[in-house]
Amino acid sequence: MAWKGPINKIDDYRYEIPQSYKSGMRTSGLIYANARMIEDIRGDNAPEQVANVAYLPGIVGKSLAMPDIHWGYGFSIGGVAATDADNGVISPGGVGYDINCGVRLLRTNLTYEGLEKGSGGKIRKLIDEIFVNVPSGVGSQGKIRLGMQDMNKVLEEGAKWAVKKGYGTEEDLEYLEERGMFAHADSSKVEEKAKQRGASQLGTLGAGNHFLEIQKVDEIYDANIAKVFGIREIGQIMVMIHTGSRGLGHQVCTDNLRTMENAVRKYNIQLPDKQLACAPVDSPEAKNYYAAMACAANYAWANRQLIVHWVREAFEKVLGRSADELDMHIIYDVAHNIAKLEEHVVDGKRRKVYVHRKGATRAFVAGRQELPKAYRDVGQPVLIPGDMGRASYILVGTERAMKETFGSTCHGAGRKMSREEAIRRFREVDVKNKLSNMGIYVRGASRDVISEEAPDAYKDVNDVVDVTHGAGISIKVAKLIPLGVMKG
Amino acid sequence: MPFKIFEHTADVGIIVEAKSREGIYEEAGRAMFSIIGELSKIEEKDKYEFEIESDSYDALLVDFLSELLFLHETNNSLFSKFKVRIKEIKKEGGKEGEKKVHLSASVWGEKISKKHTLKTAIKAVTYHMLSFEKKHKGYIAKVLFDI
């Protein structure tokens with residue numbers, strides 16, 4: 001059922017839903033897409049969600065949607081909305097269930113030639129070793145079980161906790177968004193149940209679209225910026241990790257949605273969809289959620305930190321060289337399901353806003369204090385994962401993003417087919433063979449996950465990235481293609 | 001078929017029919033674990049009991065399934081048999097005649113082991129498209145999961 005509301009073309013990459021569409025809209029909607037994609041986008045009611053988000057009290061600027069927009073819970077996936085830090089609202093639906101689901105990229109000084117041809121099929125050995133070293137799949141349990149004291153530290157210190165425990169180095173923290181730790185996290189705001197769900201899952205990849213890939217650099221678009229990120233040549237080996245806050249984050253979202261639904265009544269907020277449930281920024285409900293969300297975000301940063309450590313260990317074991325010798329440094333780590341208090345210039349004035357990014361990535365321009373020192377002259381690396389047969393991208397943040405999208409861009413490809421349909425259409429063995437012929441080794445925790453995650457079940461990430469590049473809200477730096485894939 | 005699974009592009013949901021309200025909760029439990037694993041392979045070895053309360057029957061369904069998801073993850077277990085009792089009780093501090101619904105459940109299942117094929121990880125039970133209605137001589141309910 002296609003959405004019938006008004007969409008006006010602004011230019012080749014921008015489409016507007018006028019504020020006049022519905023009387024409660026406080027601003028217009030802006031969707032980044034090309035002419036072909038906008039027809040698909042109309043297909044699943046996501047534009048209605050973009051219009052609904054425009055109802056949020058205190059929304060600043062437009063209700064935004066990135067080109068990988070699709071239907072989500074309350075907010076569309078790919079939705080971005082900024083709300084005023086004094087009289088706006090915070091909405092858990094603007095973050096999603098998998099709080100701080102994100103992507104981390106590790107570089108190496110290895111090349112495809114050296115690794116695969118020179119020393120005889122090491123990709124397969126590396127993936128097999130990582131598969132043993134990093135727990136994954138439905139119901140997977142971590143290698144460590146957190147006691148309550150350590151749990152509270154994870155929730156308040158994030159990746160820093162992991163580094164203190166010997167998982168990685170102090171230098172790693174410099175290359176994580178927020179240095180892998182939201183300081184405003186308060187573990188007393190996380191309910192016992194969430195902590196229990198998280199106790200046995202730290203250091204696990206999870207299942208579904210979460211993955212770990214060994215990739216190689218396939219194209220470099222901007223050699224100068226690439227060099228700053230440590231990307232030196234075509235064929236260079238990288239490791240990409242995509243996972244989030246696991247059951248802990250899901251439970252934090254579940255627990256707070258219930259409170260927020262009551263808050264909507266309590267504060268008499270008029271919303272067109274009850275899944276946009278929110279509360280005024282200074283209310284106890286919003287403050288509690290923001291502190292608990294920060295804990296879940298910290299858990300996710302610690303989670304990815306443990307996985308990085310075990311990936312390094314696997315490389316060391318298989319290749320017999322230290323991670324340092326292999327130059328296995330973190331390029332960056334981005335959060336793509338999160339709400340953050342940030343300062344932006346709006347209509348010529350500096351303003352503090354809560355930027356909700358749900359399936360959207362921060363894309364800050366050069367010069368921002370939030371960036372690692374080494375990147376401050378070029379801008380923030382933006383990591384965009386694609387499906388296991390196509391590509392992933394490294395982009396860089398731009399001034400245009402700061403002006404138009406509160407420094408935000410897309411987050412990935414997005415599904416185009418349900419899992420059930422994918423299982424029906426693609427047999428595991430066929431998917432594996434096809435990928436194998438392309439030189440990609442795949443290992444899944446289950447047979448179904450390979451079918452579900454078949455490349456053709458996804459939209460083409462190249463289209464999504466071309467739109468953000470064309471629109472100027474993030475610029476292509478390098479393209480990575482998969483060589484070895486681990487699916488949970 | 002007392003329950004049906006339906007899929008949207010990136011999500012999965014259930015439609016459950018039963019003669020009684022209790023039956024809706026019990027079938028919904030079965031439906032959820034048929035998404036996570038294979039019901040026929042889950043033996044009724046361990047028993048868990050819990051009680052919850054909510055303001056309405058549909059919210060109670062979300063809370064019930066969320067509780068099962070919590071037990072599944074924290075006990076590393078799968079469940080295949082569900083027995084619930086529900087009763088309406090007076091809402092504490094509520095207005096005259098305001099009720100809420102109390103549910104006590106017994107669920108049976110076993111620890112996850114090699115014999116189980118796990119299919120889909122459910123992240124959360126959502127309120128989206130949530131319904132719980134009377135139909136003919138029974139009830140019908142719909143729930144969507146975030147996966």
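Everything below concerns a predicted model, where local features need pLDDT of at least 70 and side-chain atom pairs count only at pLDDT 80 or more, while totals for chains, interfaces and linings use all residues. Residues are numbered from 1 along each chain as its sequence is written, and chains are lettered from A and ligands numbered from 1 in the order in which they are written.

**Exercise 1. Follow the strands of an open sheet in chain A.**

Task: find the order of the seven strands in the open sheet of chain A, and name its edge strands.

Solution. 
- Step 1: Helices (H or I, at least four residues) and strands (E, at least two) are DSSP runs, numbered from the N terminus. Two strands pair if DSSP finds at least two bridges between them.
- Step 2: read off the order, which is β1-β2-β3-β4-β5-β13-β12, with mixed pairing.
- Step 3: look for strands that pair on one side only; these edge strands are β1 (8-11) and β12 (337-346) of chain A.
- Step 4: check one pair in detail. Strands β2 (residues 14-17) and β3 (residues 29-32) of chain A are antiparallel and share four bridges. Within this pair, R14(A) has Y32(A) of β3(A) as its bridge partner.
- Background: strands of a sheet pair through backbone hydrogen bonds, either parallel or antiparallel.

**Exercise 2. Describe the surroundings of β5(A).**

Task: is strand β5 (residues 77-84) of chain A mostly covered or mostly uncovered, and which bridge partners does G79(A) have?

Solution. 
- Step 1: count buried residues. A residue is buried if 20 or more other C-beta atoms lie within 10 Å of its own, exposed if 12 or fewer, and partly exposed in between; C-beta atoms are placed from the backbone. Seven of the eight residues of β5(A) are buried, and the strand is mostly covered.
- Step 2: take one partner strand. β4 (residues 59-70) of chain A runs antiparallel to β5(A), with five bridges joining them. Here A65(A) is bridged to G79(A).
- Step 3: take another partner strand. β5(A) and β13 (residues 349-358) of chain A are also antiparallel, joined by six bridges. The partner of G79(A) in β13(A) is K358(A).
- Step 4: inspect the hairpin of β4(A) and β5(A). There are six residues between the strands, and G74(A) has a positive phi near 80°.

**Exercise 3. Look at an enclosed helix.**

Task: how many residues of helix α2 (residues 46-53) of chain A are buried, and what do they pack against?

Solution. 
- Step 1: eight of the eight residues are buried, so α2(A) is largely enclosed by the rest of the structure. Among them are P47(A), E48(A) and V50(A).
- Step 2: the buried residues of α2(A) pack against β2, β3, α1 (35-42), β4 and β5 of chain A.

**Exercise 4. Study a helix pair in chain B.**

Task: at what angle do helix α1 (residues 21-36) and helix α2 (residues 57-75) of chain B pack, and how far apart are their axes?

Solution. 
- Step 1: axes are lines fitted to C-alpha atoms, for helices over the stretch in contact, and angles run from 0 to 180 degrees between N-to-C directions. For α1(B) and α2(B), the angle is about 40° and the axes are 10 Å apart.
- Step 2: name the arrangement. α1(B) is therefore oblique to α2(B); angles under 35 degrees count as roughly parallel, over 145 as roughly antiparallel, 65 to 115 as roughly perpendicular and the rest as oblique.
- Step 3: list contacts, meaning residues whose C-beta atoms, placed from the backbone, lie within 7 Å. Those of α1(B) include I24(B) and M32(B), and those of α2(B) include L61(B) and F64(B).

Conventions
Contact = placed C-beta atoms within 7 Å.
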